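Please read them with the structure open.

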Amino acid sequence: MTGQINAFEMAQRQFDGVAKLLNLDPQIAEVLRWPMREYSFRIPVRMDDGSLRVFQGYRVQHNDARGPNKGGIRFHPSETFDTVRALATWMTWKCAVADIPLGGGKGGVVVDPSTLSTTEKERLCRGWVQVMWKNIGPRLDVPAPDVGTTAQMMGWMMDEYSKLVGEYTPGVFTGKPLGGGGSEGRTEATGFGVIYTVREAMKFLNIDPKNSVAAIEGFGNVAQYAAIGFTEMLGGKVACVSCWDRNDKTSYTYSHKDGVNPRFLLTITDQYGTIDKKKALDAGYILEEGDKWIEKEANVLIPAAIEGHVNADTVKKISKSVKIVAEGANGPCTPEADEYFKANGIFNIPDFLCNAGGVTTSYFESVQNDMNFYWTKEEVLQKLDTKMTQAFQAVLDMSLKEKVYMRDAAYMVAIDRVVKAMQLRGWV
Ligand code: NAD
């Protein structure tokens, strides 16, 4: 979240709305409106030139009634305590809707990581752990990479924690590289998870996947595997994908008369999800500047790039044939877009259900770390499919039973599960 919006106020407002729908006891609601524990701390780091710099760090543990807290650590120059609070709160709901036995956490450091050398980044990561190690752990709170942090950083952090506790403890951080305690299937997890929920929505709506066409925004990790899943698992066609071009400072939509071939596009895409324009043109792709992806003839829209792009202005441009909007990105659709979907009978798969494949596979990673026994990619993806399908079904059932929109239903399922766990433990 950026600009003037206070993300935590927004998270609380969303929660208040659903608490009302659920007729939640106001005293119980008061517990869930706030994080259970919050850490704000300073991390002194020796810089390469010998000077000492002090960084502001955060960790917020929103609610761990259902299990250890889970959530990324962001390194971002405009990180604030309230952003971390909001993101931790949303993690509680995401883990609960996916029905994984974890709570909600988030962490951060106020820093632009691109201004640090590799050795400075390593000292900052180790410094974060030196402050927090007594309050994180496989049974307490399991951080992961997020904006500005990488698998390598998780490796350093896991190593520092292991040194401090005196034993190899890979399950304290997830998002580690393969061979360093990471899980097979993590790369595919979020995009494939999106497609498992699209498949279930199609079953419910009686839509034939083989005659379906998707328009996808983005071509980063989530969009790439959503496109592969849509063509290879469902047998549908992908009309277009899009990406941000750093050199031209604009976005482009890539389409092809026969539908795009995501496996081919992957071979000409860099690590930031930017497609090589020239190679795409040479292969017969059509390039259009701006947000044309949203106007393409399709029955499934998958915004999988960035927040807020399906909004009051753009939503009116979507094709009349769109029946499903699957939110691969976090927060891609604004409340105005939601109103349009409701008025036009468009089925929405809300972000914290649709893209929960990532955190679910992170959970699988820590389970494998705990057992010190690793599953094959097929096993991971099979387990992921089962979890995502069950999560989708629970939200759909709630939506039909309470006659509410899918986003409200997802919140209702999540909050209900957390409240039950608190009651079972005698907290409320
Ligand atoms: P990524 O950085 O790998 O890819 C982002 C893609 O979006 C790139 O192709 C980029 O070019 C494109 N993009 C950026 N700005 C754009 C614009 N203005 N117009 C068109 N395209 C644009 O990111 P990702 O990991 O694929 O994540 C995408 C979204 O999904 C984010 O909202 C992220 O928070 C969310 N998400 C990701 C995961 C995960 O496991 N990767 C899990 C849950 C949620």
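1. Ala, Val, Leu, Ile, Met, Phe, Trp, Tyr, Cys and Pro count as nonpolar, Asp, Glu, Lys and Arg as charged, and the others, Gly among them, as polar. On that basis the shell around the ligand divides into nine nonpolar, eleven polar and three charged residues. Keep in mind that this is a predicted model.

2. Which residues come nearest to the ligand? There are 23 residues around the ligand, and Thr190, Phe219, Val222, Trp244 and Gly273 come nearest.

3. Phenylalanine 219 places a backbone N or O atom 2.9 Å from an oxygen atom of the ligand. Glycine 220 also uses a backbone N or O atom, at 3.1 Å from a ligand oxygen. Asparagine 330 works through its side chain: an N or O atom there is 3.0 Å from an oxygen atom of the ligand. As for cover, the ligand taken alone exposes 830 Å², and the protein buries 75% of that.

4. Which elements give two or more residues to the shell around the ligand? They are α6 (186-205), α7 (221-233) and β7 (237-245). The largest share, three residues, comes from β7.

5. Helix α12 spans residues 357-371. Its 15 residues reach 21 Å from first C-alpha to last, close to the 21 Å expected at 1.5 Å a residue. Just after α12, asparagine 372 takes a positive phi of about 55 degrees.

6. Is α12 mostly covered or mostly exposed? Mostly covered: twelve of its 15 residues are buried.

7. Buried here are Glu120, Lys121, Leu124, Cys125, Arg126, Gly127, Trp128, Val129 and Met132. An α-helix has 3.6 residues a turn, so residues three or four places apart point the same way.

8. What do the buried residues of α4 pack against? The strands are β1 (37-46), β2 (52-63), β3, β4 (103-110) and β5 (141-145), and the helix is α5 (151-165).

Terms used:
Residues numbered from 1 in each chain as written. Predicted model: local features only at pLDDT ≥ 70, side-chain atom pairs only at ≥ 80, totals over all residues. Heavy atoms only, no water. Near = heavy atom within 4 Å. Polar contact = N/O pair within 3.5 Å; in protein donor to acceptor, adjacent residues only side chain to side chain. Areas by Shrake-Rupley, 256 points an atom, 1.4 Å probe, with all protein chains shown as cover. Helix = DSSP H or I, 4+ residues; strand = E, 2+ residues; numbered from the N terminus. Expected span 1.5 Å × (residues − 1). Buried < 20%, exposed > 50% of the residue type's maximum accessible area, 1.4 Å probe, protein only. Contact = heavy atoms within 4.5 Å.
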